[in-house]
Amino acid sequence: MEFPLWKTILKNNVTPEQEIVNFLKETALFGKLKGRTLREITNLVHKRNYATNEVIFEQGQAGAGLYFIMNGKVNIITRSDGQDLKLAELAKYSFFGELSLFDVQPRGATAIAVEDCTLLGFFQPELRTIIEQKPKVGVEIVMAIARVIADRLNSTNQVLEKAYIRSKRTRKDVSE
Amino acid sequence: MSVNNQHLNKTDLILKFAFYFLILLTAAMFIYGINMLVIPIVISLINYYLFSSLVDYFESIGVKRVYTITVMFLVISLVVFFIVYIFIPPLVSQLHPLLTEWTNSSDENRFKFLNLNIAIKINERGLNWNEIIKPADLVQKMVYYLKDTVKAIIAFIPNLITYALITPVISFIFLLNLDKFKKSLIEFIPNRFFEMTLMITWQIDKQITNYFKSLAIQAGIMSSIVAIGLLMIGFIYPFVLAIIVGMANSIPYLGPIIGAIPLVLICLLNPEYSSMLPFVIGIILFAQIIDNILVQPAFIAKSVSLNPVFLIGGVVVAGNLFGIAGMLFAVPFMSILKVTMEILYRSLRKYKII
C-alpha cells in the first residue's frame with residue numbers, strides 16, 4: 001500500500017544544484033570551501049556527458065579548464081614517439097586539467113572516457129568572471145586550486161629527489 | 001556488425017542534423033515572429049555591453065545586480081525625461097515655424113545667404129561653380145530633405161514609444177540574466193567544440209565590451225568638449241547638439257562632418273547665430289584634434305582598427321541601406337565581425353580543428 005502524501009513529504013528532493021554542491025563537497029579541490037562559495041561555483045560549472053571512448057581533450061590542444069568526474073572513469077594518456085603511455089585511470093571525485101585554468105597552454109595529455117561519464121567542467125572564463133564579480137569568492141577558489149597544485153608539486157619534487165638519489169647511487173655502484 | 005554500425009552512425013548523423021536544423025528553424029521563426037523586437041533587442045545588447053562592467057563592478061563590492069541595475073535605470077530615465085521635457089518641446093516649437101518659413105521662402109527663391117561669390121573656374125568656358133550647382137536649388141533640396149526627415153521622425157513616434165517601453169525591460173533582463181542565458185545556450189554545443197566555443201565567445205564578449213566602452217568614453221569626451229565650447233560662445237541647445245556631435249563621431253571619417261551639419265546649418269540658416277560659424281567650426285576642429293591625438297590612441301583598441309577602404313565602403317553601403325542608423329552601426333558591426341573572424345581562425349588552429 002502506498003501513501004502518496006508521506007512519499008511526497010519523505011521524498012529526498014535534491015535539486016540538480018544541490019546535487020552538484022553535495023558532489024563538490026566530496027572533492028579534494030573544493031571540499032574545504034564554504035557552502036556559499038560552493039553554491040557560486042555551482043552556477044558556473046558546466047555539466048557534460050561523454051560516451052565510452054569519447055575523447056574529452058587531446059594532447060597538444062589548447063586547454064580551457066579543469067574537469068571533475070561526477071560519474072564514470074577517465075583515462076589520462078600521453079603519446080610520445082608514437083607510443084601511448086597510460087598515466088592514470090581516474091574515478092569519481094577526481095579532477096584533471098587544472099593547469100589550463102590559468103593559461104591557454106597546450107594540454108600535456110589526452111583524456112578519454114573509459115565508460116559513459118558525467119563531468120563537471122570549470123573553465124577560465126568562469127574563473128575570471130567570479131574573480132571580477134565576486135573577488136572574495138574568486139580568491140577562495142584560486143587559493144584552493146593553488147593548494148592542490150602546490151601539494152602536487154611537492155609530491156613531484158619528492159619523487160624527483162628520490163629518483164635523483166637512486167640514480168646517483170646506481171652510478172656510484174656501477175663506477176665501484 | 002560493421003554494416004549495423006554504419007547504419008547507426010548514419011541514423012545518428014541524421015538525428016543530429018535534424019536536431020540542429022530544428023533549432024535553427026525555431027530561431028529563424030522566432031526572429032521572424034519578433035520582428036518588432038529586433039531593434040529593442042539590438043539596443044538592449046548594446047546597453048548590456050556598455051553597462052555590464054559597471055554592474056559587475058558594483059557586484060564585486062557587494063551590491064546586488066538587481067539594485068545596481070534599478071538605480072542605473074532610474075538615473076537614465078531621469079536624464080531622458082530631462083532631455084525630452086526640457087529640450088524637445090522648445091526645439092520642435094522653434095524648428096517647426098523655421099522649417100515652414102524656409103520651405104516657403106525657398107519656393108520663392110529668396111535664398112540669399114548662400115550667394116557665395118567665390119570664383120572657382122571648373123571648366124574651360126569659365127563657368128563658376130555656383131552657376132552649375134545653383135546654391136538656391138541645393139538649399140531648397142536640403143530644406144525639403146530636412147522637412148521630410150522631421151515628418152518621418154514624427155511618423156515614427158508611435159514606434160518610438162513602443163521601443164521606449166520595451167527596450168528598458170529587455171535591457172533590464174539582459175543585464176540581470178544574459179550570462180545565465182549564454183551559459184544555457186552553450187550547453188547545446190557538442191563536446192568536441194565545447195571548450196573552443198566557450199573560449200571564443202568569452203574573448204569576443206570581452207572585445208565587444210571593450211569596444212563599446214571605448215566608444216562611449218570617446219563620445220563622452222567629444223560631447224563634453226563641444227558642450228563646453230558651445231556654452232562658452234552662448235550657442236543654442238549646447239548639450240543636445242554636443243551629444244549629436246559626440247555620437248556621430250563614432251562613424252569614422254564621415255562622422256565629424258555628419259555631427260557638424262546641424263551646427264553649421266543653424267549658423268547658416270539662423271541670422272542670430274551666423275556670426276558664430278567660425279567659432280563653431282573652431283570648437284569642432286579643436287575637439288577633433290583632441291580626439292585624434294589623445295582619445296583615440298588611448299581608448300580605441302588597435303585590434304578593432306579596420307582598413308580605411310573597407311571601412312568607408314562598409315559605412316557607405318550601410319548608410320545607403322539603413323540611413324544614419326546604418327552608418328552608426330556599420331563600424332561596430334564590422335569591428336565585431338573582424339574580431340570574431342580573427343579569434344575564430346586563431347582558435348580553430350589552436351584547437352586543431354583546421
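Student: How much area do chain B and chain A bury between them?
Tutor: In this predicted model, chain B and chain A bury about 2,100 Å² between them, with 49% of that area on carbon and sulfur atoms.

Student: And which residues of chain B lose the most area to chain A?
Tutor: Those are B:Asn191, B:Glu195 and B:Trp202, which together account for 30% of what the chain B side buries.

Student: How many residues does each chain put into the contact?
Tutor: Chain B gives 20 residues and chain A gives 29 residues.

Student: What about charges, how many salt bridges are there between chain B and chain A?
Tutor: The count is two salt bridges, and one of them joins A:Lys134 to B:Glu59, where the closest N and O atoms are 3.5 Å apart. Polar contacts between chain B and chain A, counted where both residues are at pLDDT 80 or more, come to 13 residue pairs.

Student: Which element gives the most to the side of chain B that touches chain A?
Tutor: That is α6(B), with seven residues, while the elements giving two or more residues to that side are α2 (38–60), α5 (135–186) and α6 (191–233) of chain B. By residue class, that side divides into eight nonpolar, two polar and 10 charged.

Student: Switching topic, is B:Ser44 buried or exposed?
Tutor: B:Ser44, which sits in helix α2 of chain B, is buried, because its relative accessible area is 0%.

Student: What does the side chain of B:Ser44 reach?
Tutor: The side chain of B:Ser44 reaches the backbone oxygen of B:Thr167 at 3.4 Å. Leaving aside neighbours within four places in sequence, B:Ser44 is in contact with B:Thr167, B:Ile170, B:Ser171 and B:Phe174.

Terms used
Residues numbered from 1 in each chain as written. Chains lettered and ligands numbered in written order. Predicted model: local features only at pLDDT ≥ 70, side-chain atom pairs only at ≥ 80, totals over all residues. Heavy atoms only, no water. Contact = heavy atoms within 4.5 Å. Buried area = accessible area lost by both parts, 1.4 Å probe. Salt bridge = Lys/Arg side-chain N within 4 Å of Asp/Glu carboxyl O. Polar contact = N/O pair within 3.5 Å; in protein donor to acceptor, adjacent residues only side chain to side chain. Helix = DSSP H or I, 4+ residues; strand = E, 2+ residues; numbered from the N terminus. Nonpolar A, V, L, I, M, F, W, Y, C, P; charged D, E, K, R; others polar. Buried < 20%, exposed > 50% of the residue type's maximum accessible area, 1.4 Å probe, protein only.
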